[in-house]
Amino acid sequence: MKKAVQRLAPPLGAAMATVLLAAGCGSDSGPGAGSGDAVVMGMTDEVTAIDPAAGYDVGSWLVFNNVFQSLLSFPKGATEPEPEAAKECAFEDADSRVYTCKLQDGLTFSNGSDLTSEDVKFSFERTIGIDDPAGPAVMLDSIGAIETPDELTVTFRLDYPDATFPMKIASGAGSIVDGDSYPADKLREDGKAVGSGPYKLDSYQEGKEADFSVNSGYKGTAEVQNSGMTLKLYGDSGGDDRLKADLESGDIDLAYRGLAMRDIAELQDQAGAGQQIQLVEGTSAEVQHLVFNMDDPVAGNPAVRKAFAYLIDRNALVREVYEGTAEELYSIVPAGITGHNTAFYDTYGDRPDPARAEQVLREAGIDEKVRVTLHATPERYGPGTVPSFELIAEQLNASGLFQADVESVPLDEFEKGVEKGAYGVYVKGWVPDYPDPDNFTAPFFGEGNVLANNYDPGRITSELIPATAAQSERTATVDAYGELQDIVADQLPVIPLWQGKQYAAARENILGLEWTLDASTVFRFWEISKGSE
């Protein structure tokens, strides 16, 4: 999850049917909710922020999704948002530019204050106004004005059609804070939080631990299955080894996002062998791409990029580096997301083809070995990133057509090098903000995009992405996104490599993890329960 691109404003007047999202009823946490044992979990992801105006990363959104309510939320196993703090929401126009939500009656924050439409307005305007460089304000760039005609009604007037707006406000970017507890023009820095979600943040020690208790005043769709959660953070050096050790010793009940690939593979091999640790696998839309700088004298040559595409063996990457913890990816839109196709498989096949690679190079007048350096960073994109790029270099060199090497670069230096255009070939990973093809395409193309690879997207941003912006029925966007993916496979600004899987490992008495691991990327504390071992 990284900064997204400032969206290009699509042409006005695109037709769209009004979408109505209505809750059957807002419920309290349910009978017996919060009566189960407390759970202790660990992860290696950092929590970079407790204030929703600043956090835009997996660890911070894990906190937001459990402490704060949004108007909408993603139900377990679903990719379409449904009402949460709202009892109903709808676009009021055919252009997807006026979106109104009616709040549930009787919502309160954990400090006892009433939650009204003014708090919703305050929360969004605060995030946009602070515009923290590490925050999610960029996701709210379509908002032009927010109106609150009464205490339970909030209307968003958008500057351009945005059918994905309900998904955006169902994410961590839509977290609602108490207007009386947060400064309007700066971040809250005391490590405390006031929300209306299923949990209260009782204490937070940066980089070490966060403690959560059940919010007895919560009113929403979650049914809490435990009496609290302690989150231990293992983000420092050697954290994955300590995470595994503490899980095995019983010091923690479950581990999320942090076990080494070798440990996951070992647990998979031991399945059914009576071990005390269970491994739960879920779906994920996390992806990793190999990116070409289109202005680079080597990577900018279409023949060189096509030779790459014919020689990369994704199956070997998944098998040898990721040990089956990822899947081959043949398009920029991952499997499980509306509109996904297999454009790269259809164009270049699923196995190396040195003969075709040599043909395209020779036809372009390239008779010598292509010298190229692949740049990767061991941070942020996972421990397999550098080894996977080293394997890609080996695959290129084994063809006899390349002289490729890999340079591993610290994260800060890597990001500066990408921005300066210093690298011809480099890695980029992406964890989606919301499960829609828009989030795998709009951030990657056009001016200011996250790839920073000088690609001229042409029809992608002038026609195809704008054509999808007002389509409330997302299946109606399949043709446009299919054409977009085909263009990318032909022009090769990037080569998709793999799509991740989500894993959580837990003691055998932990239940409900299967409801926390899906493409929405929402980790739901409330679904997890703990029995006796």
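Helices (H or I, at least four residues) and strands (E, at least two) are DSSP runs, numbered from the N terminus. With those terms, alanine 452 sits in the loop between strand 20 (425–430) and helix 12 (459–468).

## Basis of the model

This is a predicted model, in which local features need pLDDT of at least 70, side-chain atom pairs count only at pLDDT 80 or more, and totals for chains, interfaces and linings use all residues. Residues are numbered from 1 along each chain as its sequence is written, and side-chain values use heavy atoms, with hydrogens and water left out.

## The chain as a whole

The chain has 13 helices and 24 strands. Its radius of gyration is 23 Å, close to the 24 Å that the globule rule gives for 533 residues, so the chain is as compact as a globular protein of that length. The radius is taken over C-alpha atoms, and the globule rule is 2.2 Å times the number of residues to the power 0.38. Along its principal axes, the C-alpha trace spans about 75 × 60 × 35 Å.

Of the 533 residues, 57% count as buried. Buried means under 20% relative accessible area, exposed means over 50%, and partly exposed lies in between (1.4 Å probe, protein chains only). The chain exposes about 20500 Å². Carbon and sulfur atoms supply 45% of that area. Accessible areas come from the Shrake-Rupley method with a 1.4 Å probe; for residues, only the protein chains shown count as cover.

Contact means heavy atoms within 4.5 Å. Take the contacts between residues at least 6 apart in sequence: 72% of them join residues at least 24 apart.

## Helix 6 against helix 9

Helix 6 (residues 302–311) packs with helix 9 (residues 354–363) at an angle of about 180°, and their axes are 8 Å apart. That makes helix 6 roughly antiparallel to helix 9. Axes are lines fitted to C-alpha atoms, for helices over the stretch in contact, and angles run from 0 to 180 degrees between N-to-C directions. Angles under 35 degrees count as roughly parallel, over 145 as roughly antiparallel, 65 to 115 as roughly perpendicular and the rest as oblique.

From helix 6 come Ala303, Val304, Lys306, Ala307, Tyr310 and Leu311. They meet Pro354, Arg356, Ala357, Val360 and Leu361 in helix 9. The residues of this contact divide into nine nonpolar, no polar and two charged. Here Ala, Val, Leu, Ile, Met, Phe, Trp, Tyr, Cys and Pro count as nonpolar, Asp, Glu, Lys and Arg as charged, and the others, Gly among them, as polar.

Arginine 126 is found in helix 2 (residues 117–130). It counts as buried, at 3% relative accessibility. Leaving aside neighbours within four places in sequence, arginine 126 is in contact with Asp51, Ala53, Tyr182, Pro183, Ala184, Lys186, Leu187 and Arg188.

Arginine 242 lies in helix 4 (residues 239–249). This residue is partly exposed, with a relative accessible area of 37%. Beyond its neighbours within four places in sequence, arginine 242 is in contact with Tyr234 and Asp236. Glutamate 223 is 19 residues from arginine 242 along the chain, and their C-alpha atoms are separated by 32 Å. Alanine 265, in helix 5 (residues 261–269), is buried at a relative accessible area of 9%.

## Buried residues in loops

Aspartate 436 is in the loop between strand 20 and helix 12. At 1% relative accessibility, aspartate 436 counts as buried. It touches Thr164, Met167, Ile337, Arg474 and Tyr481, not counting residues up to four places away in sequence.

Valine 522 is in the loop between strand 23 (510–511) and strand 24 (529–530). It counts as buried, at 11% relative accessibility. Valine 522 and serine 73 are 449 residues apart in sequence, yet 9.1 Å apart in space, C-alpha to C-alpha. Leaving aside neighbours within four places in sequence, valine 522 is in contact with Asn65, Phe74 and Thr516.

## Positive phi angles

Most residues other than glycine have a negative phi. Aspartate 131 is not a glycine, but has a positive phi of about 50°. Aspartate 131 lies in the loop between helix 2 and strand 8 (143–150) and counts as partly exposed, at 47% relative accessibility. Alanine 452 also has a positive phi of about 50° although it is not a glycine.
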